[in-house]
Amino acid sequence: MTNGASITPQTGGARRRFEGKSVLITGGAGGMGLAASRMFAAEGATVSVLDLNAEAGADLVAEMTAAGQDCFFQAVDLSKGANVSAAIDAVLAKRATIDVLFNHAGSIIVKPFHEMSEDEYDRLMDINVRSAFMVTQAVVRHMKDNGGGSIVITASIGSGKAFVYESLYCMTKSAVLMLSNCIAVEYREHGIRCNAVCPGFVKTAHGLREIDELDGLGQEWQDADLAATQVRICEPEEVAAAALFLASDEASFVNGAALYVDNGWFVKG
Ligand SMILES: NC(=O)c1ccc[n+]([C@@H]2O[C@H](COP(=O)([O-])OP(=O)(O)OC[C@H]3O[C@@H](n4cnc5c(N)ncnc54)[C@H](O)[C@@H]3O)[C@@H](O)[C@H]2O)c1
């Protein structure tokens, strides 16, 4: 594996961009979502996390409580539409408002297209697309009546680039990028901005498993391909920093953007 990041993104300091803001992060107990949960809290947000992983969520609550921060966590499988409205209601019962949504929960299946089953299609569409549709819809309904807000959806470099053995994943990530674009144009008069982050390979459980599985199928992402495309693996905090920027008032006129966090890979071709 190539070396890690040399950049250390700001995680707080004098400028606390989310003071007084209620921020909801789906998938906020792991990977980039966890990095974002910590960085939002460090910048003054009251953080709410919805995530499948109850143990990681309990750890995060303990960590934030010890740091004097306020974190509400609920374990929930967001791929099941029936779970979503109750989970958002639970957040609103606790927080009264949601000012920022970072819709991050997601997963991947690495497999040749001709071997993919209908069950796998349903599963990944449910985790990546249905959950984003249901969560952002519930939050948009709230934000519309609450004077606006800011939404960031995690898409991928695979939203705009095709990858071998990732057809289904790329389909889901194109879908959520288009969802982000459509929310941006439909709700700007309601004061709601919606943007997407599009990471390359990131050093998380998801990203490392993806690289392993691709290599197992004869690709060379561990070293050669990674070096030729994004130079090194991305740190989760580098994507979280981009999501925080898009979510913040600093990005007040940024709406419908796809922010590639990939060290120039997408534009290099
Ligand atoms: N890691 C990468 O290289 C990479 C690159 C581009 C995009 N992404 C996107 O990032 C997201 C994955 O995040 P990560 O890389 O931080 O990985 P991760 O696996 O470390 O974290 C994902 C988090 O989402 C949660 N989650 C998964 N399914 C869920 C569900 N059904 N309901 C609720 N929570 C659920 C997990 O429990 C976990 O905490 C996905 O949307 C993925 O498409 C990852």
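This is a predicted model: local features need pLDDT of at least 70, side-chain atom pairs count only at pLDDT 80 or more; totals for chains, interfaces and linings use all residues.

Student: How many residues does helix H1 have, and how far does it reach?

Tutor: H1 spans residues 31–42, with 12 residues, and reaches 17 Å from its first C-alpha to its last, close to the 16 Å expected at 1.5 Å a residue. The expected span is 1.5 Å times one less than the number of residues. Helices (H or I, at least four residues) and strands (E, at least two) are DSSP runs, numbered from the N terminus.

Student: Is H1 mostly covered or uncovered?

Tutor: Mostly covered, as 11 of its 12 residues are buried. Buried denotes 20 or more other C-beta atoms within 10 Å of the residue's own, exposed 12 or fewer, and partly exposed in between, with C-beta atoms placed from the backbone. Arg38 is among the buried residues of H1.

Student: At what angle do H1 and H8 cross?

Tutor: The axes of H1 and H8 (residues 236–247) cross at roughly 55° and come within 8 Å. H1 is therefore oblique to H8; angles under 35 degrees count as roughly parallel, over 145 as roughly antiparallel, 65 to 115 as roughly perpendicular and the rest as oblique. By class, their contact has 11 nonpolar, 1 polar and 1 charged residues.

Student: And how are H4 and H5 arranged?

Tutor: The axes of H4 (residues 118–145) and H5 are 9 Å apart, at an angle of about 15°, so the two helices are roughly parallel to each other. Their contact divides into 14 nonpolar, 3 polar and 3 charged residues.

Student: Changing topic, what is the phi of Tyr165?

Tutor: Tyr165 has a positive phi of about 70° although it is not a glycine. Most residues other than glycine have a negative phi. Tyr165 lies in the loop between strand S5 (149–154) and H5 (167–187), and it counts as buried because it has 20 C-beta neighbours inside 10 Å.

Student: Where is Asn263 found?

Tutor: Asn263 is in the loop between strand S7 (258–261) and helix H9 (265–268). Its phi is positive, near 55°. Asn263 is partly exposed, because 15 other C-beta atoms lie within 10 Å.

Student: Which residue just after H1 takes a positive phi?

Tutor: That is Gly44, at about 95°.

Methods: Residues are numbered from 1 along each chain as its sequence is written. Axes are lines fitted to C-alpha atoms, for helices over the stretch in contact, and angles run from 0 to 180 degrees between N-to-C directions. Ala, Val, Leu, Ile, Met, Phe, Trp, Tyr, Cys and Pro count as nonpolar, Asp, Glu, Lys and Arg as charged, and the others, Gly among them, as polar.
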